[in-house]
Amino acid sequence: MKRLKGLKLSPSAWVGLGMVLTFVLAGIFGPWIAPYDVSSQAIDLTHKFEGPSSAHWLGTDSNGRDALSQLLFGARKALMLSGIVVAITATIGLTLGTLAGWYRGWVDEVLMRFVDILLSFPGILMNIAIVATVANPGVGVVILALAANGWVGYARVARGQVLALRERDYVTAAIALGASNRRVMWKHLVPNLMGPALVQMSFGLGAIILIEAALAFLGLGPQVDYTWGSMLDQARTFLWKDDWVKLYALIPGLAIMWVVLGANLLGDGLRDRLDPRQRGKS
Amino acid sequence: MSIGRFLLRRLGSGLITILGVSILVFAFLHIVPGDPVDHLAGDNATPGQREQLEKCLGLDQSLPMQFVSFLGHIADGTLGRQCAGGGGDKRTVAGRIFEVMPYTMWLALAGMLVAIVLALPLGILAAVRRGTWIDTLATTASLSMVAMPQMMFAPLLLFWFFITLGWFPGPGETGALALVLPALAVGTHLMAMLARMTRSSMVEVLGEDYVRTARAKGLPESRVLYVHALRNALLPVITIAGLQFGSMLSGAIVIENVFARPGLGTTLLQGIQERNYPVVQGCVLVIAVIYVVVNILVDLAYGLADPRIRRA
């Protein structure tokens, strides 16, 4: 991780980092600063479909609930879900990829075959299929579905990196000094994986937010409280409303766009920094 | 390696992959709790109907036998029976997929057309005018388009062009005009990805020695750009375009949902929700085959675009 300290990033990467940080802050503090409750107790049909006002800055939804509060509570949900999924997928993927790259042979063969199979199917369709298969899916099922193929990217990055690293002099030296496999992997390989892994995590964050929203939009997620995806689903009907009430149709989509754009900018910037050969590639 | 041997090898590994996908789906469907008979037969089914349905789905056989008969249904091209309505439904799964496939195909083709027609000029322009406001604008626009959820963009398109302007037909309609908005929704997302790819690839290629040589020997700039540079720059673009085409052919569920269009993705989703195993397995198989075939085609296109790869 030392390499990442004092990292000089491009301006666009700083912008991306800032955007992601606002999301993280909104996710942590959002529910506390949200002006209203968004649970089913907060339903107030006398105030449904309102445009922006001093009482409701972003208006209200079909149940009279405050849109800004939904957005902030939704940020907490999105942050928790994406954080958990990124942590799980990165851990599984990096572990498997490192093992495959280090031991090669049948371990590598089996893993790569499995990766091929997972990649021979559109990722989002697989996520949707898994969630749709389970009756009354909870958050756990969504996490499982996203993790089911989310680790593949990390595994490929780690494997490729380890295959290159294992030929380095310091690894050879460590082996010559009698270091165990475990020690080589932990002390010499994994620390050098963190850069590429961070890039992957950044892109992964954006992808997870998008897929989770798509699931909720299709009515497949857990039916609890507010997520940006369920707001998007509701938002469709707001396009048909008058004047500023329409604003609700844009709010969740723009929030998602903000996070995804930030994550992608950050990912691009980190990649440029860590691997100059890849500069500018999307 | 000759093209023939290359194809054989790829087809071989493709078959293994498809078999793997089939086994995984088969296993998954049988692990997941929930009796398909309950779903398909409905609440007031007679025991006789339930039995008939069980027979139709092949659930009275052992697991290995079920898989064998699944393979048999692939071989005879029916992909099995749908078995809906108490097992009385004799229509084949293949029939159901064939019904929706044209919608998916046309959407994928039209979306691809939108993407390529917009992406290539935009990417080339941004690369040639690197560092100018045109580049900044094109890059910002494509980055934003990649990040924009289709769940927001597609309803917005409907709102502008169907509700407000009335230029194009709305959800549930079919016909050529009704294809325009879904194609735009699918295509712009891909367009943004391809434009970025084209730009970065062009920028890289334009810095190569052979481009300088081409310029130095006095070739017109258009020839340098479109013959020497673009052809080489297209390789990564082809890869991304091909893979994305594969995923569009598997059905754009969100777009199909917004525009109330039939399609492969929606059929798969329906199959899952009906717990109709034969339909799910059939859809997954078709999607896996599409993916493998598209991948092979991408590799072949690679060879066409880059003679070095063909000889290697």
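Before the first stop, one term: a residue is called buried under 20% relative accessible area, exposed over 50%, and partly exposed in between (1.4 Å probe, protein chains only). This is a predicted model, so local features need pLDDT of at least 70, side-chain atom pairs count only at pLDDT 80 or more, and totals for chains, interfaces and linings use all residues. Residues are numbered from 1 along each chain as its sequence is written, chains are lettered from A and ligands numbered from 1 in the order in which they are written, and side-chain values use heavy atoms, with hydrogens and water left out.

**Stop 1: inside chain A**

Select Asp108(A), which counts as buried at 11% relative accessibility. (A salt bridge here is a side-chain nitrogen of Lys or Arg within 4 Å of a carboxyl oxygen of Asp or Glu.) Asp108(A) sits in helix α3 and Arg159(A) in helix α5 (residues 139–165) of chain A, so the pair ties together parts that are 51 residues apart in sequence. Helices are DSSP runs of H or I, at least four residues long, numbered from the N terminus.

**Stop 2: where the chains meet**

Show both chains. How many residues of chain A are in contact with chain B? There are 40, and they touch 40 residues of chain B, contact meaning heavy atoms within 4.5 Å. The two chains bury about 3600 Å² between them, 78% of it on carbon and sulfur atoms. Buried area is the accessible area (1.4 Å probe) that two parts lose on being put together, summed over both.

Polar links across this interface come to two residue pairs in polar contact, both residues at pLDDT 80 or more. (That means a pair of N or O atoms within 3.5 Å; within protein, one must be able to donate a hydrogen and the other to accept it, and residues adjacent in sequence count only if both atoms are side-chain atoms.)

Next, highlight α3 (105–119), α4 (123–133), α7 (181–217), α8 (228–238) and α9 (251–274) of chain A; each supplies at least two residues of the side that touches chain B. The largest share, nine residues, comes from α9(A). By class, this side of chain A has 28 nonpolar, six polar and six charged residues. Here Ala, Val, Leu, Ile, Met, Phe, Trp, Tyr, Cys and Pro count as nonpolar, Asp, Glu, Lys and Arg as charged, and the others, Gly among them, as polar.

**Stop 3: the salt bridge between chains**

Chain A and chain B share one salt bridge. Zoom in on Asp268(A) and Arg196(B), whose side chains meet at 2.6 Å, N to O. Arg271(A) and Asp268(A) both lie in α9 of chain A, three residues apart, about one turn of the helix. Both are buried. Together, Asp268(A), Arg271(A) and Arg196(B) are linked in a network of salt bridges.

**Stop 4: over to chain B**

Select Asp209(B) and Arg212(B), whose side chains meet in a salt bridge (2.7 Å, N to O). They are three residues apart in helix α9 (residues 209–216) of chain B, about one helical turn. Buried or exposed: which is Arg212(B)? Arg212(B) is exposed, with a relative accessible area of 56%.
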